[in-house]
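Let's take a walk through a protein model together, starting with its overall layout and then moving into the details. Keep the 3D view open as you read.

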Amino acid sequence: MPLNYRGKILFHSERCVGCKLCQKDCPANAIFINKVGDKRFEAVFKFDHCIYCAQCVDSCNKDALEATPEFELATFSRPNLTVTYHAPPPPPPPAQATPPANVPPTDPAKSA
Ligand code: SF4
Ligand code: SF4
């Protein structure tokens with residue numbers, strides 16, 4: 001495909017900050033950004049509405065959206081064209097601090 005061909009849009013959730021500029025600027029109402037956790041976002045694309053203009057890619061200043069060369073999207077089932085890019089799982093909670101080991105009490109008579 002030609003360089004910079006505007007095909008199916010890809011979403012990099014780990015770069016998204018949830019500003020929703022892409023959603024506001026989309027002329028076809030084809031992209032929805034949802035917050036799914038602390039600093040975690042998913043993107044829902046309606047590729048049956050998308051006009052493949054890549055305005056969302058230009059609007060995103062975090063490089064979280066990318067136009068791929070993928071163009072073979074035809075399907076007999078329209079719901080197949082609604083695609084959700086899920087956020088990666090949340091990081092595990094920080095490990096608990098280990099309690100200090102039991103220190104036997106010292107005998108004051110011996111320490112004198
Ligand atoms: S413009 Fe970029 S950073 Fe902002 S919500 Fe869209 S994908 Fe995320
Ligand atoms: S490529 Fe254009 S129509 Fe498709 S989601 Fe992005 S801004 Fe909307």
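This is a predicted model: local features need pLDDT of at least 70, side-chain atom pairs count only at pLDDT 80 or more; totals for chains, interfaces and linings use all residues.

The protein chain has three helices and five strands. Follow the chain from the N terminus and the elements come in the order β-α-β-β-α-β-β-α. Of its 112 residues, 14% count as buried. Now think about which parts of the chain touch each other. Among the contacts between residues at least 6 apart in sequence, 69% join residues at least 24 apart.

Let's turn to the sheet. Three strands make it up, in the order β2-β3-β5, and it is an open sheet with antiparallel pairing. The edges belong to β2 (31-37) and β5 (82-85); each has a single partner strand, so one side of each is left without a neighbour in the sheet. On average, neighbouring strands here are turned by 20° against each other, if you ignore direction. As a bit of background, strands of a sheet pair through backbone hydrogen bonds, in either a parallel or an antiparallel way.

You can trace the pairings one by one. β2 and β3 (residues 40-46) run antiparallel and are joined over six bridges. Pick out Ile33, for instance, and you'll find that its bridge partner in β3 is Ala43. Further along, Gly37 stands opposite Arg40 in β3. The hairpin of β2 and β3 has two residues between the strands, and Lys39 takes a positive phi near 55° there. On to the other pairing: β3 and β5 are also antiparallel, over four bridges, and Lys46 stands opposite Thr82 in β5.

Stay with β3 for a moment, and look at its two faces. In β3, Phe41, Ala43 and Phe45 make up a covered face, while Arg40, Glu42, Val44 and Lys46 make up an uncovered one.

In soluble globular proteins, nonpolar side chains tend to be buried together. The largest nonpolar core in this model has 16 residues, and those with the most contacts inside it are Cys22, Ile31, Phe45, Cys56 and Leu65. β1 (9-11), β2 and β3 each supply at least two residues of this core, and β3 gives the most, with three. What does Phe45 touch, once you leave aside its neighbours within four places in sequence? It is in contact with Ile9, Ala30, Ile31, Cys50 and Val83.

Next, have a look at two loop residues. Asn29 lies in the loop between α1 (21-25) and β2, and its phi is near 55°, a positive value in a residue other than glycine. Asn29 counts as exposed because it has 10 C-beta neighbours inside 10 Å. Asp63 sits in the loop between α2 (55-59) and β4 (65-67). Its phi is positive too, at about 55°, although Asp63 is not a glycine. Asp63 is exposed, with 10 other C-beta atoms within 10 Å.

Finally, the ligands. Around ligand 1 there are 13 residues, and the closest are Cys16, Cys19, Cys22, Cys60 and Ala64. That shell divides into nine nonpolar, two polar and two charged residues. Ligand 2 has 13 residues around it, with Cys26, Cys50, Cys53, Gln55 and Cys56 coming nearest. Its shell has twelve nonpolar residues, one polar and no charged.

Key:
Residues are numbered from 1 along each chain as its sequence is written. Chains are lettered from A and ligands numbered from 1 in the order in which they are written. A residue is near a molecule or strand if its C-beta atom, placed from the backbone, lies within 6 Å of it. Ala, Val, Leu, Ile, Met, Phe, Trp, Tyr, Cys and Pro count as nonpolar, Asp, Glu, Lys and Arg as charged, and the others, Gly among them, as polar. Two strands pair if DSSP finds at least two bridges between them. Axes are lines fitted to C-alpha atoms, for helices over the stretch in contact, and angles run from 0 to 180 degrees between N-to-C directions. A nonpolar core is a set of buried Ala, Val, Leu, Ile, Met, Phe, Trp, Tyr and Cys residues joined through C-beta atoms within 7 Å. A residue is buried if 20 or more other C-beta atoms lie within 10 Å of its own, exposed if 12 or fewer, and partly exposed in between; C-beta atoms are placed from the backbone. Two residues are in contact if their C-beta atoms, placed from the backbone, lie within 7 Å.
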